[in-house]
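Please keep the sequence and the structure in view while reading.

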Amino acid sequence: MDALEEEEEDEQRVEEKLGGLAVSGDLQDVETKVPVKQDCVPKHSVDMSQLPSSYKTNSPKEKQLLRVVDNFLQQYIHLCPNRKPLFLHPVNECGVEKFVSTTVRPTLLPYMELYDWDGCASFVSDYLVMEPLECPITLPSSLYSPTTTLKHQRGNCFDFTVLLCSMLIGAGYDAYCVQGYATLETCTMDETQELCPLLRKPLETQVPKEEEKKKYRIKPLPDMQSKFELQQEVKKAAAIEASQKDKERDKKEVGNPKHEPLHGLRVHAWVLVLSGKREVAETFFINPFTGNRHNTTDKRFLGIESVWNHRNYWVNMQDCRHGCQDLIFDLGDAVRWEIMLSESNPLQLLPEEEEELFDSDTEREKRMSFDMPPSWVAPIRIPPREFETRYCQGKKVTLYNKAKLEKWAPYLNGNGLVQRLTICAGPDYTDVVEVREWFENREDILVRREVNKQTQLTTDYFSKGHSLCLKAHTYTSLEPKTGHTMEFYNEARVDGLQKRVETASEMTEYFMGRDDFLYLRHVDFGKQGDETQGIDMNSKPIVQIKECFHRNPEKPADEDVAECIFLITEENIHLTYHLKDKYITASKKLFHKLPQKASKEHKVFMTPETCTTYQVLTILKIRQTEEADIKLSVSIYNRERNEERRRQHEAMESTMKDELLGQKKQDLDYLAPFLIQNGCRDKLNKEQALCVRDDCLTDFKHHLTYKVNLIQARLEKAVEELQKRHLWFQENKNQLSTKEKDDYLFSCSESMFHINVIEQRLNREKQMAPQKYLALEDKLRMDPRLAEHLGYI
């Protein structure tokens, strides 16, 4: 790629304006400040005595590689004299030059979260602290190993990128480090103009419905709509939306215009993930500072000089006049990407230029056939405690557009708080509108809390497993007299309660899945006074109870209650039945309470089955207790924090060792059953010895035969099931859906694997059976109780 004339002119003007500052490395951008506090310190000191020898010296193959790289650089400078320098062989933490591809160390770490790209990117952005480049428009003079970067938990964009790329390649992604240019906000990790990821609306995806199993299916009509036209419409809509966003952004910046003199010159490094591996459908970028995914057309990335992985190095030969949006990331295209180590397509030189740069064609052939040496970096390891702590000093704060996001390591806060999002009304982060908090490892199963600062309304969210089956609780205060809205996991409750809404004057309950078809209960309360019902002083008198029921198809409509109203003050019960077909009015009944004298003659005995209790006050008391004494749970597998579990494990290990020692001291007497069977107690004669030996060998032979027959029967059963499944598929393959066919192929593969294992086990048993029999026979001959009569000493 030729250097762009416009960029060259801009660079020359900037250099003339800044004088020698850019060369000396003292250039500082005083016009902008990073909103998140960062430690702008030089590269951290390294204790070289603890590093392996590969960090301090170069192997013969690495030295040869450096010569190849220098040769390639000479050609590059000769052909592209106006291009910016390439990031090829900076010094490492020991001051030794290392080729950047050998600094990438592919590693798969033993954590489930790091098996996907987003988990790796999130970890790197959280674990490391950003250090800006010493000069924003020049490449760094050094590149430390990922192990040193992890040890000190800090680094620049190149350190971030190499570590992230090493983890992604280890996880199976086709990932590359990128040297290029980006905007000021991207290079300085300024996200104050970005929307917080937690506030972005998720993309609506249509989940395909499962195909119904039908014997006969009608083939759907082909889609006659042009896919090209649809793509053009989508692109057009995206362009309109992008232009609108740019206009809105321009309007916002009219009042406070910012002049960026280094636009297009700021050096940055990020990660490129190509499509193909790990089911990646589309090529994308990852900004290592934030861990966010970006399209290759994103305007924050302004150009690319080169990319590399652990195997090779490519130079971009395409025009970056319009950023990266027009780039084609086909690294096999020798016209667009110049590869360093390859068997074909070297840099094309003119005949006279070749004579100047090369003594012979042999050197070029050596460069093109050279293999990349292994990485000089030690294996990347992250201890479990460090992985759990993650953030530097256990906390990380990020400022977004009108929002502040705080993150903590688990168990750092006594209340289990791990994340807090503060949403503000203005950019100064003072007028708080809403606060959202996330919790982990709480015994009360609280996972999230949202507080509306304008209405003072708090909503707690619980995961499954709460003692009260709570799902969500909305309140202004945990006091009983205030309003409460509670949602429950109705599947876990016997009464099927789904939701309860309570105010000072009424309460409404919603039910699901009840056998009596009750779905609504509404209670009206009176004023608290002398006639207060219940023992608790906080209880309120009930004026009316209304219950509503769904239709029970097993009952006649005029016998199926639809609504039941208890008028407590009037001492009446109103029943309304479901409406019969072709009727315009429903049946109703009215019950009056018996007079006091008559009620004495007909005593009513109350039992728990005939009473309905309301646990609102109980729930509030439990929630108050939980909030007053917050306890965190620790997994039984976490022996570092669970002291009791650690002591139990140590005691169990000690007991197992003692038992193993005892078993070694007391060998199993394999002749005891046969000695008892033949009535042999004291010293054996020859006849008894022969009988005991023959019985033992016969029993062992039967055992070996039974084992082989058992495995053989399992094999035959597995083969028979596979044949039945294959026969069923042949009969129904024309009626099966794609998913059913895939399931069949998967099951066949599993069955074949199972059959193969059984066959191997059967063959092994057949081969080992004679050897086991002979070994037992020799052992019996050497037994002191039998050897005397069998002729062996």
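Arg442 lies over the face of Phe439, at 5.1 Å from the ring centre. Here a charge sits over a ring if NZ of Lys or CZ of Arg is within 6 Å of the ring centre and within 35 degrees of the ring normal. Arg293 is placed over the face of Phe284, at 3.9 Å from the ring centre.

The model is predicted, and local features need pLDDT of at least 70, side-chain atom pairs count only at pLDDT 80 or more, while totals for chains, interfaces and linings use all residues. Residues are numbered from 1 along each chain as its sequence is written, and side-chain values use heavy atoms, with hydrogens and water left out.

**Aromatic pairs**

Rings of Phe, Tyr and Trp (its six-membered ring) pair if their centres lie within 6.5 Å; planes under 30 degrees apart count as stacked, over 60 as edge-to-face and the rest as tilted. By this rule there are 17 aromatic pairs. Two of them are listed below.

| Pair | Type | Centre to centre | Between planes |
|---|---|---|---|
| Phe87 and Trp308 | tilted | 6.1 Å | 45° |
| Phe285 and Phe329 | edge-to-face | 5.7 Å | 85° |

Phe87 lies in the loop between H4 and helix H5 (100–103) and Trp308 in strand S7, so this pair ties together parts that are 221 residues apart in sequence. Helices (H or I, at least four residues) and strands (E, at least two) are DSSP runs, numbered from the N terminus. Phe87 and Trp308 are both buried, where buried means under 20% relative accessible area, exposed over 50%, and partly exposed in between (1.4 Å probe, protein chains only).

Phe285 belongs to strand S5 and Phe329 to the loop between S8 and strand S9 (337–339), so their pair ties together parts that are 44 residues apart in sequence. Phe285 is buried, with a relative accessible area of 0%; Phe329 is also buried, at 14%. One aromatic cluster is formed by Phe87, Phe99, Phe158, Trp308 and Tyr313.

**Nonpolar cores**

A nonpolar core is a set of buried Ala, Val, Leu, Ile, Met, Phe, Trp, Tyr and Cys residues joined through side-chain atoms within 4.5 Å. In the largest nonpolar core, which has 61 residues, Phe99, Phe158, Leu168, Val273, Ile286 and Tyr313 touch the most other members. The largest share of this core, 10 residues, comes from H8. A second, separate core of 24 residues includes Met486, Phe488, Met507 and Ile545. In soluble globular proteins, nonpolar side chains tend to be buried together.
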